[in-house]
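Please consider the sequence and the three-dimensional structure shown below. A short report on selected features accompanies them.

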Amino acid sequence: MLERKSPLSQIRIMGKFGHFSEEIGLTIRESKDFTYLEMSFWDQAMPSLRSKFLELFALKDFPESGLTITLKGGRLIRSGPARLAYYGEPGPEDVLLAMVGGDEGSVVSLSHSRCALHLSGSKVKDVLERGIRVNLGESAFPVGANAFTEIHGMSVLLIRTGASDYELIFMRTTARNIWTWLTETAAQFGYEVL
Amino acid sequence: MSPKPQKFRTGGGRIDRLKPLRFKFDGHELYGYEGDTLASALLANGQHLVGRSFKYHRPRGIYTAGVDEPNALVGLGTKDQVTPNVQATSQELYTGLTAVSQNRWPSLKLDALSVNSLFSRFLSAGFYYKTFMWPAGAWEFYEKFIRRAAGIGKGTHLPDPDSYEHVHKHTDLLVIGSGPAGLTAALTAAEAGKQVILVEQDFELGGSLLNRPLTVGNISGEDWLKRRLSELEVFKNVTVLTRTTAFGFYEQNLVGCVEKVQDHLSIPNLHVPRQRLYHIRAQKVVLATGALERPFLFGNNDLPGIMLSSAAETYLHRFGVLTGHRPIFYTNQDAAYDFAFALKTGGTEVAAIVDPRRDIPSALFQKTRALGIPLYPGSRIVRAEGYQRVRKVLLQPVKSGRDGKGIWRDCDSVLHSAGWNPVVHLQSQRGIKPVFDPGLNSYLPGAGITADHGCAGSLAGYEETDAVVSQARKVAKYLIGQIKTAPRNYKKPVHDTPPVVSDNSPKSGKTFVDLQHDVTTADIAQAQLEGFKSVEHVKRYTTQGMASDQGKLGNVNTLELLANLKGEDQALLGTTTFRPPFTPLTIGAIAGRSVGAELSPTRLSPFHECHRRAGAEFITAGDWIRSWYYPKGGEDVIAAYIRETGAVRKSVGMVDVSSLGKIDIQGPDAAEFLNRVYINGWKALPIGKARYGLMLRDDGMVMDDGTTWRLGENHFFMTTTTTGAAAVMRHMEYLLQVDWPELKVNLTSVTDEWGGMAIAGPSSRKVLESSFQGIDFSTEAVPHMGFLEFESDGLPVRICRLSFSGELAYEVYTRAGYAELLWDQLMEGGKPHDMILYGSEALGALRIEKGHVAGPELDGRTTADDLGLGRMQSSKKAYVGNILKEREGLIAETREQLVGLMPVEGAVALKAGFILFEGDGSEPKGHGLGHVTSVTFSPALGRHIALGLLSEGRAREGTLIRAVSPVDDMSVDVKVCSPHFYDPEGERMHA
Amino acid sequence: MLRIDCPFCGLRDETEFVYGGDASRKRPDLQETSQDVWNDHVFLRDNPKGPHLEYWFHQHGCRSWLKVQRDVATHEITDVRFADKEKGQG
């Protein structure tokens, strides 16, 4: 199995950094070897694809804008009115590729184009609001919410996976800039890289 | 070392006498206490002279206790942390604070430029526009002296060592100001369960409650404040930000605030930013910004010791500092009397109370008499006198004429109060003009309440603290939807009070209406005389209100003065518009973390580490960092690229092409779509082949180029230029969503998904054969523009045989995470064939030798025909730009066409941008015939060459012209030739 | 700084979008050959001081092209919808 190199491999140094006395405000762990797929549909195909999805994955709801549907090993996210993204463990890739016929849409594998970090801790929201302009308040961005947005002009996908847990997914080529913003911002709260 | 006694410090105040703080002013070591501002500490130490004025270098003292301060502007800090023009009245004191007075030389007491006062006749309004009109050149000569004499404060050119950040907040209610109105509004909304943010520019909450003894209901202001603050602490839904100024109010209820996180700390924490800029998006905003006291105008009203009455009261009540031992009060406000009584009762000799009103309320009259304070009703101060401090004032009855007689009274300070001006600035920034209220004799916010914000407390004209609290509660309830009746501004009854601005004789001495910019009432009158009559013109011609204090002390007085001069109703005069920021912002706060390398985002190739380890020098290309050249043994860029270019033509080289835009295109209408966006045809492209494509804009100009590969019947892989990628993607998404939604095509950017290297040179095929054992790379298996895909020990590989350099070449891609594995494999395969690495410089040289167009030729002003690519255009189909490219001007014979240029002397280098002229020896004049676009030294030809755009270029092939640069003072003879310098038949890539 | 209520993503800052110009224009049929018709489409624009129908591209969000009615004097946005009417009908 070939190793997929992380764009952060040269700069992601493990340890505790920044200003802290007892409690570390932010914990950073890179999510590696994930699968990221994007499926794009032609609008007329949406209704039939919806029912296929719900049946195949035994879902109650189809992912709508901003709401994440959790599968066994991953998450389904609506990345646009006629687009769906899968983020998680490899597996569903072939199923999804087979599911979407030439008449309905197309699937593109984007696993190498992204880099992902798991962020958690008591100050995770304070750190995020120093780069993300979307409302991250309790009711506006509850557990399970997601948003495609930007940090300093770089596209990101933010998923809230727990009360103080987030997944931040961004483009491989902008990884270093995101890392610099993240660590410089988190320094005032103390952060740990696992 | 025991602290020098603070001669003007008295009892009381909120300062902590157990925490003395040592600081320096103009090199003198002084002491204050925790809780002091720099201004209160200076006053406590008897330092009344704090600066020299802008134009006239007059001695100046502290005038206020807040953000309206025009005089006490100091230079704070040392070395790379110098901040000029800091208001001493807003600066929190800390141990080790170092401040210097400004605008004086050699010293504050003995300023050589105070001689400017002697030339004051020539320094009046608009003098810049009138001086040195003749002889020509005089202004250029004298300007540098004038500029050096002007200006306040010195900054530093050293880089800012501090960090700053931006924070984004969303809230139900934002309350600006923490006086009785702001605290009430915040608590009202908090109790209702709303998310509240309260911002206060001071380091303590309380606003006016800190400054004077107020009562709320029947408890003291201090107790009321204590109770409200403890209530506030209980609410988890309230965020309180002190040291945070709301500087700007923008559309859709966005409020910009800046927090001084560490400007009050002796030893800042390097991990924490110095300042934070908040973008607060509030559903509703309560403006509780209060009111600022208004000064009177009289001759020499700028002498140290003259200050606002409420400021003196703040210094006494909040900081325990006496501003003078023998004050004279000049006021038309009842509340100022209470302060005079408190001073007298405390043992200070109040020399007089001067009140322009003839009828003083009898209770005040009685008490004044009882305390033995001389009272002068119906009187005004005409003039003050003193040397570096006020010593006496001249009083006159209000009714007397300009040159009437008066009496002198001795004093060491003048405390004046002519009314209160609501702080309407933030609402004015939103475009809502303030409204003149005759009862208040000042300006109220134009809208007391709107759908998204409301004005509370003294901002809305309320004076009594109980009324303030009650109205503020209503404002909050209305905005959060608890009540339906909109609260209003306070309508003060109109009463007969003499105007603030009176007509002074010129013999009174300079009467300053804008202290920071040294603008006098005479300047305002002069502006009127010279025809600058409107408020907008007066402001700009005299510079009143344009200093860093934005005229907080002077604007209202100026408007009253203008109304008098013009004989107009002040209500109809209008006002200028306030602009953000409310108080000065440091540029660092605006920049946040976008400084240095983070100024704009940069993207790295997945091969970046490989380049770095190989010793590459890097360069930016758009937002990418690309390898530029690989210096061997001390080579500079020129030596390196010449070697690299030569090696590619001779054997083989490898270059990173990952930054090219890459777009995955799928759908039954994909080929049709390509047909519509490219000038050439795509439907017949066989699967497994690639084709060069050129895209036009709707106006017929060339937009971008690239190669597109057909991976399947309905599947294409498009490449674009590096810098054009985002625009091309946007353009295609636009066409599909807006104009042709019926087409079934999906676009996905895969620029980050794939990393690629181009292997170019006569030995490139051999390198691939060595790198990937067992794959057939023969020309039959992989023809020119052919594509193949395979796995090499699990490594997914896509190869397309296409050439930018003109050599036999292949682009080799893999998924980005495997880039380093691909690199290793190719480097290994390249070893036996002497493969070198080359960067963007050599890449450029190679394509220029071949006459391939790139960025400098695709500048948005060239057509396909200009570039010699006209024959690519299909006549069998319509495509974007196909009609407007036929416009008369775009097909004219005189158009500038792509040509090659060879300096007659091969060793002479041209530069891009040189203008092309006839070679007939005539004087180069006018626009010329075209310009040089790309230049390089060609190792293959052993000389300098260039590409250019030349009028009728193709017809001029073989002729001699000149390339001229007046900037470089060069004129070079060049021969026009084909742009395809090297291998013009294109044989080498078909090897 | 504007905020645009994207019909798919919700209220977002201007920094996520790219301006796309006048939306009252309609692309002539691709087979149209009149230079005047194309010239009007590409170059002629009204410049009202008031409500303006314009395109915005949600670059950092859902990448939808949107039609926005914005008052150019006050920045008030009164309508936002997908440029492609069929979009989001799934």
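Predicted model: local features only at pLDDT ≥ 70, side-chain atom pairs only at ≥ 80, totals over all residues.

Residues are numbered from 1 along each chain as its sequence is written, and chains are lettered from A and ligands numbered from 1 in the order in which they are written.

**Chains A and B**

In chain B, 40 residues are in contact with 39 residues of chain A; contact requires that the C-beta atoms of two residues, placed from the backbone, lie within 7 Å. Helices (H or I, at least four residues) and strands (E, at least two) are DSSP runs, numbered from the N terminus.

| Element of chain B | Residues |
|---|---|
| β8 | 164–176 |
| β31 | 603–604 |
| β35 | 661–666 |
| β39 | 746–749 |
| α21 | 819–830 |

The most is given by β8(B), with 6 residues. This side of chain B comprises 12 nonpolar, 16 polar and 12 charged residues. Here Ala, Val, Leu, Ile, Met, Phe, Trp, Tyr, Cys and Pro count as nonpolar, Asp, Glu, Lys and Arg as charged, and the others, Gly among them, as polar.

**Domains of chain A**

An automatic or database domain assignment supplies the domain bounds. Chain A is divided into domain 1 (15–32 + 113–193) and domain 2 (35–109). Between the two domains, 8 residues of domain 1 are in contact with 8 residues of domain 2. Strand β9 (residues 146–151) of chain A provides the largest share of the domain 1 side, 3 residues. The C-alpha centres of the two domains lie 25 Å apart.

**Chain C**

Chain C has 1 helix and 6 strands, which follow the pattern β-β-β-α-β-β-β along the sequence. Its C-alpha atoms fill a box of roughly 40 × 35 × 20 Å, taken along the principal axes.

**A sheet in chain B**

Three strands of chain B form an open sheet in the order β31-β33-β32, with mixed pairing; strands pair if DSSP finds at least two bridges between them. β31 and β32 (617–621) of chain B stand at the edges, each with a single partner strand, so one side of each lacks a neighbour in the sheet. β32(B) pairs with strand β33 (residues 624–629) of chain B in the antiparallel sense over 5 bridges, and Ala621(B) stands opposite Trp624(B) in β33(B).
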